[in-house]
Amino acid sequence: AEKMSPTPPLFSLPEARTRFTKSTREALNNKNIKPLLSTFSQVPGSENEKKCTLDQAFRGILEEEIINHSSCENVLAIISLAIGGVTEGICTASTPFVLLGDVLDCLPLDQCDTIFTFVEKNVATWKSNTFYSAGKNYLLRMCNDLLRRLSKSQNTVFCGRIQLFLARLFPLSEKSGLNLQSQFNLENVTVFNTNEQESTLGQKHTEDREEGMDVEEGEMGDEEAPTTCSIPIDYNLYRKFWSLQDYFRNPVQCYEKISWKTFLKYSEEVLAVFKSYKLDDTQASRKKMEELKTGGEHVYFAKFLTSEKLMDLQLSDSNFRRHILLQYLILFQYLKGQVKFKSSNYVLTDEQSLWIEDTTKSVYQLLSENPPDGERFSKMVEHILNTEENWNSWKNEGCPSFVKERTSDTKPTRIIRKRTAPEDFLGKGPSKKILMGNEELTRLWNLCPDNMEACKSETREYMPTLEEFFEEAIEQADPENMVENEYKAVNNSNYGWRALRLLARRSPHFFQPTNQQFKSLPEYLENMVIKLAKELPPPSEEIKTGEDEDEEDNDALLKENESPDVRQDKPVTGEQIEVFANKLGEQWKILAPYLEMKDSEIRQIECDSEDMKMRAKQLLVAWQDQEGVHATPENLINALNKSGLSDLAESLTNDNETNS
């Protein structure tokens, strides 16, 4: 009997987990991943089973460390080992992110700061191909959970670090980080005293001022600020000043008539205060020098302090003024700008636009006068806001990716399948009648089996020729006929309108510039009729003189003896255009510039039809309309030779000689 091959040992989860836990402890102590690699290769089972077990072992060890209140260094060592495991391919790519989420959920905020420093330093690791796709959602959720736990006023710096980390991690076009619909943070409400009865302004102004100086000294304002204001600060100014923050929070209010009037009134008063109560440059410079000597850092707050006692100090603070003036400029940019998701009702009137334009200049002037380095600061703000317009345009275009993929030359062209025509499945030919549900409609529809041919029929050409339409007007223009002005066709408004339409389509004179001025439409048409009478064959034999008849007889005799080459001066016919368009086909675009077609006209032809023969025909018809009587085969042959299409030129010459 044949010997049976020994069966491989089966995978055992408890045993594998115990061995992985032991190896992980050993790897942490030795600060080396080799024990884990060795155990991974020895444990029986599929690779997927072993990876999942090792993931559980990591989470189990991390749980023990957190329960035992181990230091952040021990916790980070486990996460670093997991990163090494992913790189070596022995655990799943999401494991380090799961461990980080567990840690940040369990530790207090002061220790979370240390853990997040580790996350920030490893941003290059998270962005690598191995980790990015597996961990980006974990990191985003982890950061959002942290932001919910943090206070924006108490943990401002930590919140800022998280936002900066996300900006470094995700590309600019990442949809989760974009305010695509341009929504405002309406929760950012500025709270201030709205009860005039509780206000202390104007009552004990001097005492409150001194108390405010004692309490807030060093935080805002200037120790050497003047003790009196050129404009007294009362409750009305206080209320109007802080009410403006609601418009900065939600600019859409400015499009409402009543709200705009309120905003206009409050803004003029506040800006008047800024203009009349200017800061001293030497005072600001002295404060800055003292800060540098004492090594004091610039302190700012995430929210405005709206205490009445601070109003005087705030107006004396250059940085505070800059904040307010900059808010005005941002608001004006939104109101004037084109925003994709802005409602169609949100449109500024001419009066509002003019006020915004004048006020913008005033704000920039106030910024340049505000120390220190006001001029430089003003120019920098203007430059930044101009650059912001580019971002607005990018957002309006749907935030396209900045990464451009290189197009390969060997890319196969996509075959465009045309939609099946109705006649292909409803019926075709004289034997198959298409029923339209009505006897008369059915008769009309089936007059021609091929609908496209029916559309191309010459009987559908409703536009008259210049000779036909202006025949009566040319007769009336002849002095010998003695037709009074009031009875002439050119004085009929209906006739005049149709004449202009026809001239625009068929006559080259319509678009020719002229220095001659016409007081009325009949006068202009009279002038055009005289020009056409010289070019077109006479409409009636009755108005000819005897000399004209003799000359015409002589011309007829000459034409009989005329060579075929001379007769080529006749304009091309519709039939010739139809035949030649079929031959021209795809080469129509080469010929177009030599027929003096503009780029816009060429693009229009491309948009109108996908069929090459139809495009060629449209080109030739447009050229015929443009040239009028000068649209001759000879001129077309010259254009073909210039464009390098000599074969087609020779073919057209042969066809023309045959027709002659």
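This short talk describes aromatic contacts and salt bridges in one structure.

Good morning, colleagues. Please keep in mind that the model before you is predicted.

I begin with the aromatic rings. The structure contains 30 aromatic pairs. One of them is formed by Phe184 and Tyr334 in an edge-to-face arrangement, with 5.1 Å from centre to centre and 80° between the planes. This pair links distant parts of the chain, 150 residues apart: Phe184 lies in the loop between helix H9 and helix H10, and Tyr334 lies in helix H15. Are these two residues buried or exposed? Phe184 is partly exposed, at a relative accessible area of 30%, whereas Tyr334 counts as buried because its relative accessibility is 15%, and buried means under 20%.

A further aromatic pair joins Trp260 and Phe263, and this one is tilted, with the centres 5.6 Å apart and 40° between the planes. Both residues belong to helix H12, which covers residues 257-276, and they are separated by three residues, about one turn of the helix. Trp260 and Phe263 are both buried. They also take part in a cluster, in which ring pairs connect them with Tyr247, Phe248, Tyr328, Phe332 and Trp355.

Next, I turn to arginine residues placed over rings. Arg322 lies over the face of Phe377, at 4.2 Å from the ring centre. Arg141 is likewise positioned over the face of Tyr138, at 5.6 Å from the ring centre.

The remaining topic is salt bridges. How many does the whole structure hold? A search finds 13. Among them is the bridge between Asp102 and Arg59, whose closest N and O atoms are 3.0 Å apart. It connects helix H5, where Asp102 lies, to helix H3, where Arg59 lies, across 43 residues of the chain. Arg59 counts as partly exposed, at 43% relative accessibility.

Arg161 and Asp113 also meet through their side chains in a salt bridge, at 2.6 Å from N to O. Here helix H9, with Arg161, is linked to helix H6, with Asp113, and the two residues are 48 residues apart. Asp113 is partly exposed, at 29% relative accessibility.

A further salt bridge is formed by Lys617 and Glu578, at 2.7 Å from N to O. Lys617 is in helix H28 and Glu578 in helix H25, 39 residues apart. Both partners are partly exposed: Lys617 has a relative accessibility of 22%, and Glu578 has a relative accessible area of 31%.

Thank you for your attention.

Methods:
Residues are numbered from 1 along each chain as its sequence is written. This is a predicted model: local features need pLDDT of at least 70, side-chain atom pairs count only at pLDDT 80 or more; totals for chains, interfaces and linings use all residues. Side-chain values use heavy atoms; hydrogens and water are left out. Rings of Phe, Tyr and Trp (its six-membered ring) pair if their centres lie within 6.5 Å; planes under 30 degrees apart count as stacked, over 60 as edge-to-face and the rest as tilted. Helices (H or I, at least four residues) and strands (E, at least two) are DSSP runs, numbered from the N terminus. Buried means under 20% relative accessible area, exposed over 50%, partly exposed in between (1.4 Å probe, protein chains only). A charge sits over a ring if NZ of Lys or CZ of Arg is within 6 Å of the ring centre and within 35 degrees of the ring normal. A salt bridge is a side-chain nitrogen of Lys or Arg within 4 Å of a carboxyl oxygen of Asp or Glu.
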